[in-house]
Amino acid sequence: MTETTPLIASPELNVEGFTRQYLRELTYTQGTTLERASTNDKYLALARTVRSYLMSRWNRTVTQQYHEPARAVAYLSAEFLLGRQLDNALIASGLEEIAAEGLAGLGLSLDELRAAEVEPGLGNGGLGRLAACFIDSLATMNIPAIGYGIRYEFGIFRQTFVDGRQVEEPDNWLDNGSPWEIARPEQEVEISFGGHTETTTVDGVEKTTWVPGWSVLALPYNYMVPGYLNGRVNTLRLWSARATHAFDLKIFNYGDYAEAVRAQTFAENITKVLYPEDSTPQGKELRLQQQYFFVAASLHDFVERVLEAGFDLHDLPERVAFQLNDTHPVIAIPELMRVLVDLKGLAWDEAWAITQKCFAYTCHTLLPEALEVWPVELMSRLLPRHMEIIYRINDEFLEQVRAKFGNDEMLVRRMSIIAEYPERAVRMAYLASVGTTKINGVAELHSQLLRDKVLNDFAAFAPEKFTNVTNGVTPRRFVRLANPGLSALITEAIGDGWVTDLSRLSELEPFADDAEFRRRFREIKRGNKDRLVTLLKNRDGIDIDPDTMLDVMVKRLHEYKRQLLKVLHVVSQYDRLKSGAIDPATTVHRTFVFGAKAAPGYQMAKEIIALINHVGARVNGDPVVSQALRVAFPANYNVTVAETLVPAADLSEQISLAGKEASGTGNMKFALNGALTVGTDDGANVEIRQLVGDENFFLFGLTEPEASAIQEAGYRPSSYYEQNPDLRRVLDLIASGEFSGGDRSVFEPIVSNLLHEDRFMVLADFQSYMDAQERVDTYYRDQEAWSRSAVLNVARTGFFSSDRSMQDYLDRIWHASPVPIEG
Ligand code: HBZ
C-alpha cells in the first residue's frame, strides 16, 4: 500500500480552530444551527469535532503499521466495557481546555454536553472493563495492537428498581447516533455454521473439508483507541452480524419476501444482545454462535487484511500474539488450525506448532461453575469441523499425558478436553490450556490457586506455561479524568509524569506527613463528595450528606462477593441505634452506597438486591437511625457512575470470601483515589495490603487455606448463629419481617440459606468483619491519621496501573515492543 492521499492537516489546535470545526460539524454533518440544535445535536457535533483531531493520527498509525511490520498484539475479548468516549478522547488529544473555552464562546457548556453521551455498555463487569483499560494502555505505550470484539446492539441491561426489586430494561445505546464508530462494510467477512464435513483422498493423502449449512456476514465497525498525547491511535474492531446477500437472493428468487426478511433477522440476532451472565454461562447456542462469529471474523481479518498480501503463515507467531480474554474466544484455537490446515494446506504438526505459539490465555475466575463447557452435541451441530479438530487435539494431547505420566486412566479422564459426565462436553479452559504458550491468572493469589487447584494437572504437565499478571486500571480514566482535583494536586507536588508512569506516585510519600497537603487532600475529597451529591440528586433523586463517611460497595451482585455481609453490618448498626446501644449523636456517621447488577436469572442475587433496598428504606425512614446512617443504592451502576463515585469514597469494601475473587479491579481504583480498604485476603487485595502496609488497610476474615480447611472438615454455619448473640439478633431481625412490612416469608430464603448452606461463609466471617468496622470507626475519628493513610494509599498503589500490567504481558507473554508514531 502506498500512501497517495496527501495528509490532510487536522483542525488547528487552538480555540479558533476548534470553534470553526465545531460549527462545521454542527452545520454540515448534523444539519442544524446553534439556535435550533438539541442537546444531542450539540453533543454529536462535539464528538465529531474531537474525533476530527484524532483522525489523521489514526490514519498515520494504520499506514505506518502496514509499512513497518512489527509484532502486534491482538486482544480477543467478547466484552469491552468502554465507558464514555468523549472525555477520554479530549484528554488524549490535549483538547480539554480548548474545547471548554471554544464551547463557552458559543454559549455552550462542555459539562452539559459530556453528560449527553450514553456509554457503550458492551461488557458485564471486571473482565470487560479490564479489556478497555488494556487497549488504552497499549495505545499509550505505543504498542501496535488491535482489539477485536462484538458490537452488541444491546449492551448490559439498564437496571431499574420496582418495589426494591431489580427489573431489566434494554440498553438502546445506539439510539441517539454513534459518533465514535466507523463502519467498514467493504471489509465484511462471511462466517459459516452447521453443515457437515467431507473427507476425500487425493494422492493417498486424506483431506477434510467443511461443507457449511449456513452463513452470515460479519461487518466491522472501527473505534479509535487514542494513546495519551503520543500521536498513536490504535483500533478496536467490533463485529456486527448481517444476513448474507446470497441467502437473501435465493429466497427472494422464490418470491418469498417475508421469509427473506425473517432470514435477515435471524442472522442479525447473533450480535443483538450481550449475555448478562457474568459467572454462570448458560451454554446457550446463540452464545457459541457469538463466540465463533467474532473470533472467525477477527482471525480472518488479521491474516488476510492486516498482514501484507502473500505473507508466509509460517512466520505468523513473529507477527501476532492473540490474547484470549477468558474462554469466550477459545474457539479461535481450532479455527486457526482449520484455516492453516484446511484452507492453507499446512501439515497438521506444522499448523499446531504455529497455533500454540500465537495464543495465550487469561483465566479470570476460580468458581467451577464459571468455567465454560459446550455440549459435544451442540458443538458438532454448529461447528462440525471444529469438533473433529478438537478431538484430534485431544487425542494427541492425551497421548502426551500418557507418555509423561504413564497409563493413569483416572488422570487421563480428568485432563481430557472432552468431559464425559454429566454429558459429553468440551471443556474450553482445558482446550485453552493445551492450545497456548502461556496461561495467566490475574493476581498472585489467583495464579497460585490456578496452579494448585483449578488447573493443577495442567500445571504439573507444563509448569513453564503458567504465569501471573496482576490486573491494573488505566490512570487516565480513573484518576486523571475521574478525579481532576486530586490530579492537579499530585501534578503540583510531583509533576505530571505520573499519568503515563504511575510508579512515580511513590514520590508523594513524604507529603503524607505534610499537614497542609493533607488538608488540601481532604478538601478535594469533600469537593468530590459534593459532585456525587449532585449526581445522585439529579440522576436518582437520592439525598446524601457529604459530611458523612462514604462507605462504598460497588460491583456485580454475587454471593461470593458477599454484599450480604455488608447488609448484616448495616442491620447490626440499625439494631444498635434503635435499641440505644449506640448514640446517634456521637457515633461516626456513615453513608453506605451500594451499586450492583444481578444476572437476570440469578434468583438469590435478586433477593439480595431486594433486601438491600428494603433495609435501606427502613434505615433512611427511621428518625433516629437516619441521623447516623443512610443507605443509597442508585440503580444501574456503570462506568460513568463509577467515575464520580470512586473519587468520593472514604472506605472501599472488598469483602469476598478468600479464594473466590480472582483479582478485583474496583479495589485498585478506590485505593488510587485515596479510599482506605476494608477487605479480606483475596485477589489483588493481598497485593494492595502488602504495598500500602497493614496499618493503612483494614484486614479481616479467614484466609484461603483456613476457609478451605473449615469446608473440608464440614462447615456448619448455624453453629456461628448459635454461639454469637450479635449475629443471632441480626438474622432474627431480618427473619422477623422488620424489613418486609412484617411479612416473615419475604427474606426467609436468604436467612435459611445463610443458616443451612452459606456457601461463601458469611457467618464464619461475620464477627471478624464487625471488629474491622469498629476499627474503621475509631480510626476515622482521627481525621489527620485517616488522611495520612489515604495519601499513603495513593502514593503506594502506582503498581496497579494497567500500563504496568501491559508491560508484564509484554515481557512475559507477548514479547512485543513499542513502535513510536512518526511525524
Ligand atoms: O474479571 C472478573 C473477576 O471476577 C475479577 O476478580 C477480575 O478482577 C476481573 C478482571 O480480571 N470476571 C468477570 O468480570 N467475568 C465476567 O464478566 C464474565 C462474563 C461472562 C462470562 C463469565 C464471566 O460468561
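This is a predicted model: local features need pLDDT of at least 70, side-chain atom pairs count only at pLDDT 80 or more; totals for chains, interfaces and linings use all residues.

Modeller: Residues are numbered from 1 along each chain as its sequence is written, and side-chain values use heavy atoms, leaving out hydrogens and water.

Biologist: Which strands stand at the edges of the open sheet of six strands?

Modeller: Strands are DSSP runs of E, at least two residues, and helices are runs of H or I, at least four, numbered from the N terminus. Two strands pair if DSSP finds at least two bridges between them. The order is S22-S21-S20-S23-S24-S25, with parallel pairing. Each edge strand has a single partner, so one side is left without a neighbour in the sheet: these are S22 (629-632) and S25 (698-699).

Biologist: In S22, what is the bridge partner of Phe592?

Modeller: Strand S21 (residues 590-595) runs parallel to S22, and four bridges join them. In S22, Phe592 has as its bridge partner Val631.

Biologist: How many of the 14 residues of H32 are buried?

Modeller: Buried means under 20% relative accessible area (1.4 Å probe, protein chains only). Helix H32 covers residues 783-796. Its buried residues include Trp786, Leu792 and Asn793. H32 is mostly covered, and the buried count is ten.

Biologist: How far apart are the C-alpha centres of domain 1 and domain 3?

Modeller: Domain bounds come from an automatic or database domain assignment. Domain 1 is 16-68 + 94-118, and domain 3 is 475-799. Their C-alpha centres are separated by 38 Å.

How values were computed. The expected span of a helix is 1.5 Å times one less than its number of residues. Buried means under 20% relative accessible area, exposed over 50%, partly exposed in between (1.4 Å probe, protein chains only).
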